[in-house]
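Q: Please take a close look at the metal site in this structure and at what surrounds it. I would like one connected account.

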Amino acid sequence: MNRRTTTLFAAIALSAGLALTGCSTDSSGDQPRLKVSGAFMPQPVMDMAGGFLTIENDSDTADKLTSVTSSLSDDVQIHETKDQKMREVKSFDIPAKGELNLVRGGNHIMFMNIKQKPKQGEKVSIELHFEKSDPIKVDLPVEAATHNPKQH
Ligand code: CU
């Protein structure tokens with residue numbers, strides 16, 4: 001085979017392989033690619049605390065945020081806010097080629113019965129758990145109690 005034929009053959013083999021993968025698996029083939037940014041925790045004033053961040057999904061596979069764990073609390077929940085009231089939900093969608101925004105006044109992480117009150121400048125480690133992706137560890141910098149970067 002000359003060089004051109006070899007390249008062509010490789011290209012056909014590669015695309016055939018990709019097509020096969022696409023057909024035979026729908027959830028484990030294309031893993032969601034998640035990136036966390038803008039994480040913070042406002043300095044808590046009571047025995048509970050909120051957590052906010054953005055999760056970007058740069059893939060064609062949707063995922064879900066299913067739970068959050070932290071040494072700060074044995075009861076970390078995920079909450080949505082509807083009509084100014086918050087309530088616990090089972091998961092948040094992270095759409096394919098989209099993002100999940102946890103912001104003040106909206107969807108958020110809620111740390112119940114916190115074991116101590118972290119101060120501004122400290123960090124709180126959490127672990128995000130997903131339906132498909134591996135868990136991601138994130139450090140939330142503790143900001144002023146009124147910190148709200150999405151509001152300008
Ligand atoms: Cu809440």
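A: The copper ion has a tetrahedral site, with angles of 98 to 117° among its four donor atoms. For comparison, the ideal angle for four tetrahedral donors is 109.5 degrees. The model is a predicted one.

The protein donors are ND1 of His-79, SD of Met-86, NE2 of His-108 and SD of Met-110, and they lie 2.1 to 2.2 Å from the copper ion. Along the sequence, the donor residues follow the spacing H-x6-M-x21-H-x1-M. Two of these donors can be described by their accessibility. His-79 has a relative accessibility of 5%, so it counts as buried. Met-86, at a relative accessible area of 42%, is partly exposed.

Charged pairs come next. Glu-80 forms a salt bridge with Arg-87, at 2.8 Å from N to O. Glu-80 also meets Lys-82 in a salt bridge, here at 3.8 Å from N to O. Glu-80 is itself buried, because its relative accessible area of 14% falls under the 20% limit.

The nonpolar core is the next part of the picture. The largest such core has 26 residues, and those with the most contacts inside it include Ile-109, Phe-111, Ile-126 and Leu-128. Strands that each supply at least two residues of this core include E4 (75-82), E8 (108-112) and E9 (123-130). The largest share, four residues, comes from E9. Leaving aside residues up to four places away in sequence, Ile-109 touches Leu-53, Val-68, Val-76, Gln-77, Leu-102, Ile-126 and Leu-128, among others.

The whole structure holds eight salt bridges. One of them joins Asp-58 and Arg-33, whose closest N and O atoms are 3.9 Å apart. This pair links distant parts of the chain, 25 residues apart: Asp-58 sits in the loop between E2 and E3, and Arg-33 in the loop between helix H1 (3-24) and E1. Asp-58 is partly exposed, with a relative accessible area of 45%, and Arg-33 is partly exposed at 45% as well. Arg-33, Asp-58 and Lys-97 are linked in a network of salt bridges.

To return to the site itself: the copper ion is held in a tetrahedral arrangement, and its protein donors are His-79, Met-86, His-108 and Met-110.

Note on methods
Residues numbered from 1 in each chain as written. Predicted model: local features only at pLDDT ≥ 70, side-chain atom pairs only at ≥ 80, totals over all residues. Heavy atoms only, no water. Donors = N, O, S within 2.8 Å, 3.2 Å for Na, K, Ca; no water. Tetrahedral: all angles 85-135°; square planar, octahedral: opposite > 155°, others 65-115°. Buried < 20%, exposed > 50% of the residue type's maximum accessible area, 1.4 Å probe, protein only. Core = buried A, V, L, I, M, F, W, Y, C linked by side-chain atoms within 4.5 Å. Contact = heavy atoms within 4.5 Å. Salt bridge = Lys/Arg side-chain N within 4 Å of Asp/Glu carboxyl O.
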